[in-house]
Amino acid sequence: MSYEFLTFDVADRIATITVNRPDKLNALNDATIAELGVAIDEAVRRDDVAGVLLTGAGRAFVAGADISELESQSPLDGQQRARAGQAVFRRFETSPKPTIAVINGFALGGGCELAMSCHVRIASEKAKLGQPEVKLGIVPGYGGTQRLPRLVGRGAALKLLLTGDMIDAAEAHRLGLVDQVVAPDALTETARALMTSMIANAPLALAGCIEAVNRGQDTDLVQGCTIESDFFGLLSATSDMREGMRAFLEKRPANFTGR
Ligand code: COA
């Protein structure tokens, strides 16, 4: 695939999707959002990809939706734009292959929402995060009012949503909005090492964890545990389960095949 607003690179079974509009701080115009959907589908489809890093070119991760496009939207345009973006972001969240947001700089508005749609977030010490939509007279449209309270709790989420303030990476880590903070020059290497350790595990088990967490969060504890036990049983049908256990007993590394 070729992309106008992204780059897509694969090395060592890791796809790196880089939003690439640095002169606009990687603001998400509609075309970039559509390309993000194509890119995550490509990563999920390709047999040579086991996990996805998502980052931004230059000094921003993503500084939000492209305000020049939002400015003239009608109510119906706005609703459609939000739904289209939400559907794309949901594909990062439901990807059966792990997705890590590698937050190199500003992650504001749609950028913070995109990062929250990934499974894990690693931030540079220089990153700044926030949901500044109220300063523009709107609410977040790409899941921010829903994913932020799930990640950081209602009070902290409403504090961020209602002030529109930017917070630094250390504060985002304290709140649980990001999972790890590292020096800027260690960001890529740390994210790749984390992804490498994830994709060394059985692919169907990774997909099972992701789906159980996603579906479990949308239901109650009892139903969630039922979903988990179904996966626990189902994975017993895989050769990777037999390989993983045999490798442990034989004191050797497992050689997983995704079957
Ligand atoms: N939409 C459209 N363009 C954006 C943008 C966005 N969300 N964020 C940044 N840009 C553009 C700027 O307009 C500017 O373009 P120009 O050089 O053609 O004028 C360029 O990116 C650089 O941004 P600038 O504001 O000059 O950089 P800065 O370092 O002074 O400020 C920010 C950085 C992130 C604080 C500031 O750009 C900002 O507040 N952006 C909007 C954040 C936001 O509200 N996001 C939510 C949108 S719903």
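This is a predicted model: local features need pLDDT of at least 70, side-chain atom pairs count only at pLDDT 80 or more; totals for chains, interfaces and linings use all residues.
Is Ala-247 buried or exposed? Ala-247 has a relative accessible area of 2%, and because the cut-off for calling a residue buried is anything under 20%, it counts as buried. Its place in the fold is helix H11, which covers residues 239-249. If we set aside residues up to four places away in sequence, Ala-247 touches Arg-252, Pro-253 and Ala-254. Leu-194, by contrast, stands 53 residues from Ala-247 along the chain, and the C-alpha atoms of the two are separated by 22 Å.

Now to the ligand, which is surrounded by 15 residues, the closest of them being Lys-24, Arg-59, Ala-63, Ala-65 and Ile-67.

For the individual atom pairs, I would begin with the side chain of Arg-59, where an N or O atom sits 2.9 Å from an oxygen atom of the ligand. On the backbone side, a polar atom of Ala-63 is found 3.0 Å from a nitrogen atom of the ligand, and a backbone N or O atom of Ile-67 lies 2.9 Å from a ligand nitrogen atom. As for the surface of the ligand, it exposes 850 Å² when taken alone, and the protein buries 60% of that area.

Conventions:
Residues are numbered from 1 along each chain as its sequence is written. Side-chain values use heavy atoms; hydrogens and water are left out. A residue is near a molecule or strand if one of its heavy atoms lies within 4 Å of it. A polar contact is a pair of N or O atoms within 3.5 Å; within protein, one must be able to donate a hydrogen and the other to accept it, and residues adjacent in sequence count only if both atoms are side-chain atoms. Accessible areas come from the Shrake-Rupley method with a 1.4 Å probe; for residues, only the protein chains shown count as cover. Helices (H or I, at least four residues) and strands (E, at least two) are DSSP runs, numbered from the N terminus. Buried means under 20% relative accessible area, exposed over 50%, partly exposed in between (1.4 Å probe, protein chains only). Contact means heavy atoms within 4.5 Å.
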